[in-house]
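Biologist: I am new to this structure. Could you walk me through it and tell me where the words come from?

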Amino acid sequence: MIPNISRGDRMVGLVSYLAGPGRANEHTNPHVVAGSDGVMAWHANEQLDHEAALQLGKTLDRPRTVHDAQMKGGHVWHCSLSLAATEGELGDETWSEIAHAFIHKMGFDTQEGTKAGMRWAAIHHGASTNGNDHIHLAVQLIREDGTKADIGFDYSRAQKVARQLEREFGLVELETEQSKVSEPGYSRAEYEATARRRAEAKYEATRDIEDLDWGELSKAARGEYVAAMKREIKAEGMPRETLKVEVRAAAALADTEAEFVAKLYDHGMLIKPFYKDREQTIVGGYQVALPSKYGEQPWFIAGGSLGHDLSLNRLRQQWETSPELRQQAQHAWQQAGRNLAPTPAGQNHFDPEVLAKQQQAIDDHFHQLRAIPLADGDRWAVEAQHMSGLMASWATADSPYADQLQRAARHLGRSASLKHRPEVPTKKQPWMRGAAMVLTQAATNGKTPAAQVLMMKHVLETVQALATVHEATKQHRRAQDLRLTLQHDLAEVQQAVTQPVAYSPDVESVLAGMKELTPHDLANPTAPMPTAIPETQQAPIHEPDRDGLSR
């Protein structure tokens, strides 16, 4: 259950919105399922039409108007409590119990008679556009006697209360809290801002000279252009999602920090280094952005905001370092920050024969995965990071199945984004950069089929293992995402990779040990791996930390 909090100073406006049609006409049958005693005496189970919503809003707002009280940040506290779409609908009675328990644990009631009461109401109006059953809590922060409610640390308090209620009511517990794995996503504000910027830039770039300027258009006309841009963004994805794949690909193809910067630049990314000193000699983080599509201002995002494992400090753990390499990295950052091409570092082509000679090392590495305990989340997260990088590098090389590989890279990336710094070695194996390089070469020139088939075999086995690990550690949603990736995206790639080369002499040895897997096989691995963690085996607990000034 996810709480989402906002503050304001218009109680009547909030209730009117909750009783209205919603942004996408998703509000259906709005009604009150719970509330404070005085509110329920007048509005219990009331169907909220416009007039009823106005009356409810005024009822909730009365303590403020009577005492003429104000609060910094707003006296209206709004919180939605949303379930996963897979949990279905709870029903009004259960939602009422949850609302009362949530309000009590947040301290928004009389606290066993020690404080004056507060007015609040819980409104249910159907599932969201994504199918999530939810309620909205509208809380008046001015108590009946004019005193103000304590809202210190309300965001973190709400999260803790939500975890408690998940256990008390048998709801699905938020997996990121259990696993300490989470991938930063985009907010509605970022989505809206991206659509507005692009819509304005596109309009200004394509309008005739006699047409009105963007600022001169009516609000309704601008809204139509923004709505059209939202549909375009929905079809192609948010820039943040593309940046995640591009950065992972650059990291997979690089053995040094300077190579990483050069790869980002070669991929067309805009780069801003973050310096820790005034002399601009010590780089502590970075930001990247896609080139503007219609001339809009680029939206730069810090590496750590794309994924916890993509912060510069985390990435540095997998690269070689020396005074000379640090000097090269400093020069590369300075060049890229000026939008100049960094000095090419490292080789851009890789001899596939070298990878073939390392086949035993590759086989040994993937065979050793079976020995990793299911509870060793750090080791599995590092493995997911490496696999995500391989998929991303393959996808960004003009591969004919780039869409499938990008989705696979994003799902694997979510399994790699640990909040804390991994307590296991994160340096890449020597063959990993070569594997990424060969896959990109194979995508562009159609050669080295053996490398593709060999890596595809190990990728399938690794994703199967990761899905099993998530299932065993009760991260069911993440496990389901990986199994769907196996059944659809990677199954299509496997078929495309193996069929055209079925009679090629250099892949016969690989194909001999790789059966044609059906979607059922892909989603239901037969690897000898336990499916549950013994009760005596406890996963290590790590406190989330920040990587210094890394971004």
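Biologist: Why is glutamine 318 called buried?

Modeller: Glutamine 318 has a relative accessible area of 8%. Buried means under 20%, exposed over 50% and partly exposed in between, using a 1.4 Å probe and protein chains only, so glutamine 318 counts as buried. This is a predicted model, where local features need pLDDT of at least 70, side-chain atom pairs count only at pLDDT 80 or more, and totals for chains, interfaces and linings use all residues. Residues are numbered from 1 along each chain as its sequence is written, and side-chain values use heavy atoms, leaving out hydrogens and water.

Biologist: What does glutamine 318 touch?

Modeller: Leaving aside residues up to four places away in sequence, its contacts (heavy atoms within 4.5 Å) are Ala251, Gln385, Thr426, Lys427 and Lys428.

Biologist: How do you know that strand S4 and strand S5 pair?

Modeller: Two strands pair if DSSP finds at least two bridges between them. S4 (residues 120-124) and S5 (residues 134-140) are joined over four bridges, in the antiparallel sense, so they qualify as a pair. As one example, alanine 122 has leucine 137 in S5 as its bridge partner.

Biologist: What makes S1 and S2 edge strands?

Modeller: The open sheet runs S1-S3-S5-S4-S2, with antiparallel pairing. Strand S1 (2-8) and strand S2 (31-35) each have a single partner strand, so one side of each lacks a neighbour in the sheet.

Methods:
Helices (H or I, at least four residues) and strands (E, at least two) are DSSP runs, numbered from the N terminus.
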